[in-house]
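This briefing is for a reader meeting the structure for the first time. Please look over the sequence and the model before reading on.

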Amino acid sequence: MSPQEQASDRPRDLADWPTQSLRGHKLDGHRYTSKEFAEQEWEYMWTRIWLLLGREDEMPNPGDWQQEEVGRESILMVRQKDGGIKAFYNVCQHRGQRLVTEKKGHIARFICPYHSWAWNPDGSLDFVQDADDFPDGNPCGKLVLEEIPSETFAGFVWVNMNPDCVSLREFLGPVWDEWEAYGIEKWKRYVAKTTMVPVNWKVVLDNFNESYHVNTVHRPKGDDVEKLRIHSGVDTRYKTTRFDMANEGHGRMIMLGGYAGPAIDKEGAIGEPLASILTEWELDPADFSSRGEATREALQAARRKLGPDKGYDYFENLNDSQLTDAYHYTLFPNFAVSLWVDGFHFLRARPHPTDPEQCLFDNWWYAPDPEGVSSPVRTTAGLVERGAAVDHEEFEAGTQTMGLTIDQDMSIFPGQQLSMRSRGYRGSYLGGQETRVSRLHELIDDYIEGKRS
Ligand code: FES
Ligand SMILES: [Fe+2]
């Protein structure tokens, strides 16, 4: 039995994820720098998988649309009259002009900026200048915008450039049921930051597929090693952490959380944010000054008892562990989520259109908004006023903060990317707690080699 399997305190009523046997990958620098490799990823992976791209509640009315870029493609998502959403390539079928350049808007018709062809929200062509001048006949009724399979789940719009794709539910596997319990479709956005970072997208995802770096990169200044075991209330030791990998390619890591643990100062005061969290749930931090390990269960009991009355109706769908612990999911290939009892921290890396040594990095946070709860929302970018309308911010890396933890991760990325070109780098040497890193690369190779589609 592995150390993580011996962990006694872990959720038992979530479905077990299967055991995987891996080939064991050595990650060489070529994978992070080569245009040829990036091209293979595009051709055989990016264009054949489900990608989370939009948010339903940003398109509430027919004609509302969002545009999102992934690699060389720009994809339009448009709310339809029947309430559904359709996705199209942002490409005019006349001579290929992009129909929109903005991120979102509302239209009666998309009017192409080149020759004014007018496309309806359902992708049909409504108007063409000089329609009688086309030797092959009036294109209206003949041409449509190129549609892409799309589905919605957890309030997000997912698209798949493969017309013969499996259903989103099939792709998400066990993640679907686990996320469904939270009602994330009702949660509101409290952070939305995007920046271009000078690294291959896999540098970002490798990082979020392991927690081995936490005690180094996120080490609080001045703290001793014992304190480091608890970071933001979470026990980061690999021996108490549960690591899982789904057949569909997704990863799950569960860390026990809600601890004051050793993060109590010499006077017995419990540090933030846990002290405020305890108070919010009608617990007195002073009661735990000599027993920091007891806060986890106390918080679980308080949330179980008080949650429904406070408007957290979905708590009844969750087990005790989910009321305090850190559930980290990595969705193959490019999407990482820390799912807290009251927060959905969404990290995504999107490939650059042409340069394998750059990627778009998104850091978003969604949180429930129960009626009657007025306390600010705790996010990775600090406290945000509840109910605040949060705009999507795009900026150059380093010109704004992403929030302390993510800034710390980002400070590491470029140094690693530079070494991917070094003659001195012989490839990775991975630990057991980095198995999900290895699997990410193994699956990419499987897609490229046609073993998965
Ligand atoms: S390219 Fe769109 S109308 Fe000509
Ligand atoms: Fe990190």
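This is a predicted model: local features need pLDDT of at least 70, side-chain atom pairs count only at pLDDT 80 or more; totals for chains, interfaces and linings use all residues.

In which sense do strand S16 and S17 pair, and over how many bridges? The two strands, S16 (residues 251-255) and S17, pair in the antiparallel sense over five bridges.

- Six of the six residues of strand S17 (residues 326-331) are buried, so the strand is largely enclosed by the rest of the structure.
- Ala326, His328 and Thr330 lie on one side of S17 and Tyr327, Tyr329 and Leu331 on the other; with all of these buried, both faces are covered.
- Tyr329 in S17 is the bridge partner of Arg252, and Val337 in S18 is the bridge partner of Tyr329.
- S17 and strand S18 (residues 335-340) run antiparallel and are joined by five bridges.
- Pro333 is found in the loop between S17 and S18, and the peptide bond that joins Phe332 to Pro333 is cis, with omega about -5°.

- His218 and Asp409 are both buried.

**Helix H3**

- Phe37, Glu41 and Trp42 are the buried residues of helix H3 (residues 35-44).
- These buried residues fall within an arc of 140° when seen down the axis of H3, so they line one face of the helix.
- Lys35 and Glu36 are exposed residues on the face of H3 turned away from its buried side.
- Among the elements that cover the buried residues of H3 are helix H2 (30-33), strand S2 (64-70), strand S3 (73-79), helix H6 (201-208) and helix H12 (435-448).
- A side-chain oxygen of Ser34 comes to within 3.1 Å of the backbone nitrogen of Glu36 at the start of H3.

**Glu58**

- Glu58 sits in the loop between strand S1 (50-55) and S2.
- Its relative accessibility is 17%, so Glu58 counts as buried; the cut-off for buried is under 20%.
- Leaving aside residues up to four places away in sequence, Glu58 touches Gln66, Lys104 and Arg189.
- With Gln66, the side chain of Glu58 makes a polar contact, side chain to side chain, at 2.9 Å.

**Backbone features in other loops**

- A cis peptide bond runs from Glu272 to Pro273, with omega near 5°.
- Pro273 belongs to the loop between S16 and helix H9 (274-280).
- Asp130 is not a glycine, yet its phi is positive, at about 50°.
- Asp130 lies in the loop between strand S8 (125-127) and strand S9 (147-148) and is exposed, with a relative accessible area of 54%.
- Ala154 is not a glycine either, and has a positive phi of about 60°.
- Ala154 lies in the loop between strand S10 (150-153) and strand S11 (156-160) and counts as buried, at 8% relative accessibility.

Key:
Residues are numbered from 1 along each chain as its sequence is written. Chains are lettered from A and ligands numbered from 1 in the order in which they are written. Side-chain values use heavy atoms; hydrogens and water are left out. Buried means under 20% relative accessible area, exposed over 50%, partly exposed in between (1.4 Å probe, protein chains only). Helices (H or I, at least four residues) and strands (E, at least two) are DSSP runs, numbered from the N terminus. The arc is that of the directions from the helix axis to the C-beta atoms. Contact means heavy atoms within 4.5 Å. A polar contact is a pair of N or O atoms within 3.5 Å; within protein, one must be able to donate a hydrogen and the other to accept it, and residues adjacent in sequence count only if both atoms are side-chain atoms. Two strands pair if DSSP finds at least two bridges between them.
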